[in-house]
Amino acid sequence: MRSADLALLNAERAARRAVVLVTELATGEQRVLTAAEVPDDPLGTEIAARILSGKSGLVERNGHSFFLTVHVPPVRLIVIGAVHISQALAPAARLAGLDVAIIDPRTAFAASERFPDARLLAEWPDDVLPGLALDRYTAVALVTHDPKIDDQALVAALRADCFYIGALGSRATHAKRLDRMRAHGFQDEDLARIRAPIGLDISAVSPAEIAISIVAEIIGAMRKKPARAEALG
Amino acid sequence: MRASGDDVLLQAQAWKDAGRTVAVATVVETWGSAPRPVGSHLAVDGDGLFVGSVSGGCVEGDVITEALDVIGSGTPRMLEFGVADETAWRAGLSCGGRIRVYVERLD
């Protein structure tokens, strides 16, 4: 492998973009493809399918064996609100393999004593989300109960095309939320992507049960309509 | 879904940038109950220091030995391990699976 190829591979991974290393096994010949370059590659169709599944593997073409090393960004969850549900949601999401960050400007809530193991940002969403670079591999859960905080993140999540956006609250609360988002210029087809009330309908009651219903809904969003599908544009 | 922190390739790059010789091993095919999925990496430096895993520990020793040869020769090599293989006596997969591992030098 050329050092330059490895450097490109690592740079794309660091930027949370899909990237593939193609190796012809008989000759050792290699090329690195960024997501944008995949459609023009002779193996483009196979590679696109691999990016969708996130799985590396062998491809045969005209008697030649190619190994595709597929790198897709790890899926992450950003939780808006360091509330009781979040205390269960953070470990449940980590158990499912998600990177988790929790954002809440209310320092009484965003106290490390309440979240000993979580990445905790005691800031307003508008101040920290630009640095986190929301993308299609990011899930956002809005659970503060406070529109002043939730709405900032909701606008950012809708614009960034996050693959999962869930919002806590009753149907009446959600109707008001949709009105505010329309005032921001979002269309109904954008707003249909918000899952509210948040979580799969399993009649969850306790914070832990709600957390599990949210993680299950995120897994469904990822597996049924993969975030990776759109990565190729 | 995949776990985060797939940092073997970052380590390989860091070693190379620091002037060390490096080989990268990649699981390219598995049969049966192989312990590590296709695409798993292990990086080895010229002193035999390694990060990552291709088999959860069963055949790492042999992979490292072969990787040091590849660092010397520069020619990529395909390794195969499994219960049906003679190498099983030396370094087999306790789980009964088989794996193929591609080893290449970082140039």
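Across all chains of this predicted model, a search of the whole structure finds 18 salt bridges.

**Salt bridges in chain A**
- Asp5(A) and Arg2(A) join their side chains in a salt bridge with an N to O distance of 3.0 Å; Asp5(A) counts as buried because its relative accessibility is 12%, under the 20% limit, whereas Arg2(A), at 46%, counts as partly exposed.
- Glu46(A) and Arg61(A) form a salt bridge in which the closest N and O atoms are 2.9 Å apart, and this pair links distant parts of the chain, since Glu46(A) lies in helix H2 (residues 44–53) and Arg61(A) in strand E3 (residues 57–61), 15 residues apart.
- Glu46(A) is partly exposed with a relative accessible area of 26%, and Arg61(A) is likewise partly exposed at 28%.

- In chain B, the side chains of Arg77(B) and Asp69(B) meet in a salt bridge at 3.4 Å, N to O, with Arg77(B) partly exposed at 29% relative accessibility and Asp69(B) partly exposed at 41%.
- Arg136(A), Asp161(A) and Arg193(A) are joined into one network by salt bridges that share partners.

**Strand E6(A) and its neighbours**
- Strand E6 of chain A (residues 99–103) is mostly covered, with four of its five residues buried.
- E6(A) pairs with strand E5(A) (residues 76–80) in the parallel sense over five bridges, Arg76(A) having Asp99(A) as its bridge partner, and the chain passes from E5(A) through helix H3(A) (residues 84–95) to E6(A) in a right-handed β-α-β crossover.
- E6(A) also pairs in the parallel sense with strand E7(A) (residues 119–121), over three bridges, where Ala101(A) stands opposite Arg119(A).

Methods: Residues are numbered from 1 along each chain as its sequence is written. Chains are lettered from A and ligands numbered from 1 in the order in which they are written. This is a predicted model: local features need pLDDT of at least 70, side-chain atom pairs count only at pLDDT 80 or more; totals for chains, interfaces and linings use all residues. Side-chain values use heavy atoms; hydrogens and water are left out. Buried means under 20% relative accessible area, exposed over 50%, partly exposed in between (1.4 Å probe, protein chains only). Helices (H or I, at least four residues) and strands (E, at least two) are DSSP runs, numbered from the N terminus. Two strands pair if DSSP finds at least two bridges between them. A crossover is right-handed if, with the strands pointing away from the viewer, the path from the first strand over the helix to the second runs clockwise. A salt bridge is a side-chain nitrogen of Lys or Arg within 4 Å of a carboxyl oxygen of Asp or Glu.
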